[in-house]
Amino acid sequence: ALTVDGAARAASLDASGDVLAGGSLSVRGAASLDDALRVRGAAVFGSGVEVSGGARVAQALTVGGAARAASLEASGDVLAGGSLSVRGATRFGSGIDVSESAHVGHNLTVDGAARVGSLEASGDVSAGGEMRASGEL
């Protein structure tokens, strides 16, 4: 066993067993670990973090700035506190509910039946087939 009570300097250190540091550990150059890193307290990074394998977050994840992902899959609910912009095609595997107004900036195509409580048009309306109304048309 080696016990050092004061400062110690070494050009290199090779330990084949456990190393216990009772205080802070500072490393001036790059550090490489051949196995897992476990941190019991908070971890603070002064620069970016790169993960080359999968990452799992066991509790809530908060991102203070923009977040970018090549793909995103969620097994639970997704809540957006602001607006949601989608640049590509959007597909829904189930129904979609809109509790407020919906604006379609271009054409709207409905391949199946459409039920509308009230329909107002400021331009032309055309139907390629039969059009039925239970009231005045």
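**Reading the surface and the overall form**

Modeller: One may begin with the surface of this predicted model. The protein exposes about 15400 Å², and carbon and sulfur atoms supply 47% of that area.

Colleague: How many helices and strands are there in the protein?

Modeller: The protein contains 0 helices and 0 strands. Its radius of gyration is 30 Å, well over the 14 Å that the globule rule gives for 137 residues, so the protein is more spread out than a compact globule. The C-alpha trace spans about 95 × 25 × 20 Å along its principal axes.

Colleague: What percentage of the residues count as buried?

Modeller: Buried means under 20% relative accessible area. Of the 137 residues, 0% count as buried.

Colleague: Which residues make the nonpolar surface patch?

Modeller: Leu-33, Leu-37 and Val-39 make a patch of about 320 Å².

Colleague: Is Leu-37 buried or exposed?

Modeller: A residue is exposed when its relative accessible area is over 50%. Leu-37 has 61%, and is therefore exposed.

Colleague: How many positive and negative side chains are there?

Modeller: The protein has 10 positive and 15 negative side chains. The centres of these two sets lie 8 Å apart.

Technical notes. Residues numbered from 1 in each chain as written. Predicted model: local features only at pLDDT ≥ 70, side-chain atom pairs only at ≥ 80, totals over all residues. Heavy atoms only, no water. Helix = DSSP H or I, 4+ residues; strand = E, 2+ residues; numbered from the N terminus. Rg over C-alpha atoms; globule rule 2.2 N^0.38 Å. Buried < 20%, exposed > 50% of the residue type's maximum accessible area, 1.4 Å probe, protein only. Areas by Shrake-Rupley, 256 points an atom, 1.4 Å probe, with all protein chains shown as cover. Lys, Arg positive; Asp, Glu negative; His and termini not counted. Charge placed at Lys NZ, Arg CZ, Asp CG, Glu CD. Patch = residues over 30% accessible without salt bridge, like charges linked within 9 Å, V, L, I, M, F, W, Y side chains within 5 Å. Salt bridge = Lys/Arg side-chain N within 4 Å of Asp/Glu carboxyl O.
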